[in-house]
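Dear colleague,

I am handing over the structure below, and my notes on it follow. Please read them with the coordinates open.

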Amino acid sequence: MSKKVNSCKNFETQNEPTEAIQYFKNEPPFEELQKIAGGFIRSVKTLDGREMWVNEDGLLKGLPVNPEASKLAGCLIVGNVAVVGEGK
């Protein structure tokens, strides 16, 4: 039995939280995902198997914690995100 590992890391940030999440049933154009996240993006799997697109440099930029996105991913997520797909 293999264990599913989430690729996000846990860090601390001092900024005020944000809760900006946009949900999509089907994946929007790449440029729209970048616009939502505010720059270069990377994918993080949510705990229910969806794709979450986050700002790749969010921690370095000091973006605020996104508590709801962090709950969905099971680790610290910062900034605005896009969640694609339907959960399990």
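How many bridges join strand 3 to strand 4, and do the two run parallel or antiparallel? Three bridges join strand 3 (residues 51–55) to strand 4 (residues 81–84), and these strands run antiparallel; within the pair, M52 stands opposite V83 of strand 4.

Before the rest, a word on the basis of these notes: this is a predicted model, in which local features need pLDDT of at least 70 and side-chain atom pairs count only at pLDDT 80 or more, while totals for chains, interfaces and linings use all residues. Residues are numbered from 1 along each chain as its sequence is written, and side-chain values use heavy atoms, with hydrogens and water left out. Helices (H or I, at least four residues) and strands (E, at least two) are DSSP runs, numbered from the N terminus, and two strands pair if DSSP finds at least two bridges between them.

Four strands form an open sheet with mixed pairing, in the order 1-4-3-2. Its edges are strand 1 (21–24) and strand 2 (41–45), each of which pairs on one side only. Neighbouring strands of this sheet are turned by 25° against each other on average, direction ignored (axes are lines fitted to C-alpha atoms, and angles run from 0 to 180 degrees between N-to-C directions).

Salt bridges

A search of the whole structure finds three salt bridges, each being a side-chain nitrogen of Lys or Arg within 4 Å of a carboxyl oxygen of Asp or Glu. One of them joins the side chains of E86 and K25 at 3.7 Å, N to O; because E86 lies in the segment after strand 4 and K25 in the loop between strand 1 and helix 1 (30–37), the pair ties together parts that are 61 residues apart in sequence. Both E86 and K25 are exposed, where exposed means over 50% relative accessible area, buried under 20%, and partly exposed in between (1.4 Å probe, protein chains only).

The side chains of E51 and K45 meet at 2.6 Å, N to O, and K45 is partly exposed at 37% relative accessibility. R50 and D48 form a salt bridge at 2.9 Å, N to O; R50 is buried, with a relative accessible area of 13%, whereas D48 is partly exposed at 22%.

Two loop residues

G49, in the loop between strand 2 and strand 3, has its C-alpha atom 6.5 Å from that of K88, although the two are 39 residues apart along the chain. N66 lies in the loop between helix 2 (58–61) and helix 3 (67–73), and it counts as buried at 0% relative accessibility.
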